[in-house]
Amino acid sequence: MAHFAEFPSAVTLNQSFARKVADSLRQGIEARGHATLVVSGGRTPLGLFEQLARQPLDWGNVVITLADERWVDPDDELSNERLVRRALLTGPAAAATFVGLKNSQATPDEGAAATEAALAQVPWPADVLVLGMGADGHTASLFPGAANLPAALAMDSGRRCFAISPVTAPLARLTLSLPVLLSSRHIYLHLVGEAKRERYEQAEQGEDVNEMPVRAILHQQQTPVDVYWTA
């Protein structure tokens with residue numbers, strides 16, 4: 001069962017959330033000399049990124065990568081990499097090392113091997129994983145009904161990433177695999193709005209992972225999940 005934390009406003013959520021993430025990264029640096037942060041894209045984390053970029057931290061020892069990516073150029077408006085570079089990798093946080101998922105291959109299927117090699121250079125497990133959730137119950141790019149979903153959810157795949165072609169959203173994508181996501185030391189689900197809360201409650205109450213893949217995060221026993229929500 002996830003721990004649900006409700007905040008009175010997006011500002012208070014983002015400030016508290018940024019401090020919490022920075023503390024975890026700081027602890028990772030103190031313990032191991034480095035820390036890894038995995039983030040998601042979309043509109044929801046924008047305020048969090050702006051607050052996090054201001055946190056006092058030895059950013060030069062932080063590696064940042066993505067939970068998933070649309071297979072578009074990094075300067076495309078729909079690129080998660082573009083969002084992270086503009087909103088998070090600013091000021092002192094610009095000293096962090098960023099590892100993107102998109103490469104020059106034409107499709108995520110063709111590019112998966114190169115992304116797998118790039119991800120091998122990331123210090124795993126991640127210290128912090130920040131996920132969102134779509135209205136269809138997807139998280140990262142684990143989409144309901146996608147052909148590759150069972151493979152991406154398999155705990156014995158031995159792979160860090162998979163190509164995904166959603167049936168409920170446009171654009172082919174690449175996603176981190178469930179075992180990599182669940183290996184994270186701290187997992188957060190960041191939600192905004194009453195509709196997302198309702199969908200989260202539906203996900204908590206049901207069991208069908210193929211219907212709402214976020215359940216694979218919420219119902220597992222490996223890593224505790226904190227849900228940060230505001231209306």
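Visitor: Across which strands does helix 7 lie, and at about how many degrees does helix 7 run to strand 9?

Guide: This is a predicted model, and helix 7 covers residues 194–205 in it. The strands that helix 7 lies across are strand 1, strand 9 and strand 10. Relative to strand 9, the direction of helix 7 is about 130 degrees.

Visitor: In what order do the strands of the open sheet follow one another?

Guide: The open sheet is formed by 7 strands, and their pairing is parallel. Strand 1 (3–7) and strand 5 (97–99) each have a single partner strand, so they stand at the edges, with one side of each left without a neighbour in the sheet. From one strand to the next the twist averages 20 degrees. Read across, the order is 1-10-9-6-2-3-5.

Visitor: Which residue in strand 10 is the bridge partner of Phe-4?

Guide: Strand 10, residues 225–230, pairs with strand 1 in the parallel sense, and the pairing extends over 5 bridges. For Phe-4, the bridge partner in strand 10 is Val-227.

Visitor: Which element supplies the largest share of the lining of the largest pocket?

Guide: The largest pocket, with a volume of about 910 Å³, is lined by 39 residues, and those nearest its centre include Arg-43 and Asn-80. Strand 4 (68–70), helix 3 (80–87), strand 6 (128–131) and strand 9 (186–192) each supply at least two residues of this lining. The largest share amounts to 5 residues, and the element it comes from is helix 3.

How values were computed
Residues numbered from 1 in each chain as written. Predicted model: local features only at pLDDT ≥ 70, side-chain atom pairs only at ≥ 80, totals over all residues. Heavy atoms only, no water. 1 Å grid on protein atoms, 1.4 Å probe; cavity = no way out; pocket = protein on both sides within 12 Å on 5 of 7 lines; lining within 4 Å. Points joined across faces, edges and corners; volume = space filled by probe spheres on them. Helix = DSSP H or I, 4+ residues; strand = E, 2+ residues; numbered from the N terminus. Pairing = 2+ DSSP bridges. Axes fitted to C-alpha atoms, helices over the stretch in contact; angles between N-to-C directions. Contact = heavy atoms within 4.5 Å.
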